[in-house]
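Thank you all for coming; I would like to walk through one model this morning.

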Amino acid sequence: MNVPGRLYKSATSETRASDDGYVTSDLLDFYRPMVAAGTPLIVTGNLYVSRQGQSAGRQAGIDTDDKIDGLAQWADLAHSGGTKLIAQLNHGGRQMAKAQPRERIVSASNIREPMYGCKPTPLRGDELPGIVDSFVRAAGRAVQAGMDGLQIHAAHGYLLSQFLTPHTNRRTDEYGGSLENRARLLLDVLKAVRAEVGDAFPILVKMNGTDDLPFRRACATAELVQVARWLQDSGADAIEISRGHYESWPGMVQGNYRGFVYNPVTRGPLASVSRLRKAAMLAAAPVAERIAGQLRPPAEGFNLEFATQFTDAVSIPVICVGGFHTKEGIERAISSGKVDAVSAARAFIADPLLYRNVVAAPSKEHPVCGYCNLCIASFSTTRIDCGSADVRTVRDRQIRELGVS
């Protein structure tokens, strides 16, 4: 797959699909300006591969054949502007911002997820082939929908990441213990998906460069690099490097955090937690947000130090996400040889025309992400949008000027 640029749109939870996971006009409208701006490559927000794996409200799915038509509209939209569209395949595991009724919450082991309080049950050995099959069937639907490739999500503490990380994987069977065993499910998924889509269809994998789990049994960066080598040998075509689990907060997304706790607790994914837990979170919010801002301030390219280690270890392209939003920062990362391309998520929410405004036809006045993180604070219940009214005003004016409806 040839891509005419090295700044990509990384996956973002959109919260714009229908309640049962179908593509909507609202979802397509979110991406329309990015396509009009010539964004070379877009990775969808994570598409759940099974109802059990749906981790958030209004999340798009790729779990049934009747969703293919909507996904095809998404691909057609991307292709109308020359953009490549990559379907991100995911199973949420224990990280359930919105657990599905009648669906069992599962993981590698029964370790409670502290952000949402979900206590999973371990997947039995005889259930794991079904997990692999759900990814395989989803991959086949991505091909039928006309997607240009797919990305297996093995980062951010979702199910495949939960198997990789010793803190969340306490198994004693062939899927736990050694690194080779903990990587087995991910490699099983990749090999089976590769067999389904053939050698010519691009497969990317999203991985952590660091689990960012201090005082817990994290998967070390050197181990993750070894997993990347195995992925390359098993047919992966590119690696995107990110970081953290949900419980790594504030490590997964560096930035400013004022109001970050208030939003999810009052109208976001934590609104349904118990009154006692909600009261405790709101009471701790001012101090927690201040400390988070000091520990993880905004920084451009904050995952580069980890991505470089993958670039040195594999020959397939390495993409790095993490705070990129300036032409200088993007060019510096690529020209240094540390990575082959960079991706951005929050910066594209603030400025869907980011590729045009920053790379293709630099604009002195354009919306600039302030990394307040309010765009993602209310995902799962509230449609993703920039949290700054001033930024939205500039953004909407530029979109109108571009003639995007």
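This is a predicted model: local features need pLDDT of at least 70, side-chain atom pairs count only at pLDDT 80 or more; totals for chains, interfaces and linings use all residues.

Residues are numbered from 1 along each chain as its sequence is written, and side-chain values use heavy atoms, with hydrogens and water left out.

Let me start with the interior. By a nonpolar core I mean a set of buried Ala, Val, Leu, Ile, Met, Phe, Trp, Tyr and Cys residues joined through side-chain atoms within 4.5 Å, and buried means under 20% relative accessible area, exposed over 50%, and partly exposed in between, with a 1.4 Å probe and protein chains only. The largest such core has 108 residues, and W74, I152, M207 and L231 are those with the most contacts inside it. Helix α3, residues 128-144, provides the largest share of this core, namely eight residues; helices here are DSSP runs of H or I with at least four residues, strands are runs of E with at least two, and both are numbered from the N terminus. There is also a second, separate core of nine residues, which includes Y8, V43, L204 and A341.

Is L190 buried or exposed? L190 counts as buried, because its relative accessibility is 0%. If we define contact as heavy atoms within 4.5 Å, and do not count residues up to four places away in sequence, L190 touches I152, I203, L231, S234, G235 and A236. The C-alpha atoms of L190 and I203 are separated by 8.4 Å, and these two residues are 13 residues apart along the chain.

Next comes helix α11, residues 327-335, whose buried residues are G329, I330 and A333. Seen down the axis of α11, these buried residues fall within an arc of 100°, so they line one face of the helix; the arc is that of the directions from the helix axis to the C-beta atoms. The face turned away from that buried side carries the exposed residues E328, R332 and S335. The buried residues of α11 pack against β1 (7-9), α10 (304-313), β11 (341-344) and α13 (354-360).

On a 1 Å grid over the protein atoms alone, a cavity is a set of points where a 1.4 Å probe fits but cannot get out, a pocket is an open set with protein on both sides within 12 Å along at least five of seven lines, and lining residues have an atom within 4 Å of a point. Grid points are joined across faces, edges and corners, and a volume is the space filled by probe spheres set on the points.

The largest pocket has a volume of about 880 Å³, and of the 42 residues that line it, Y246, M252, V253, F260 and I376 lie nearest its centre. Helix α9 gives the most to this lining, with four residues. The second largest pocket holds about 340 Å³ of space.

As for cavities, the structure holds four of 30 Å³ or more. The largest cavity has a volume of about 60 Å³, and the residues lining the largest cavity include S13, R58 and F379.
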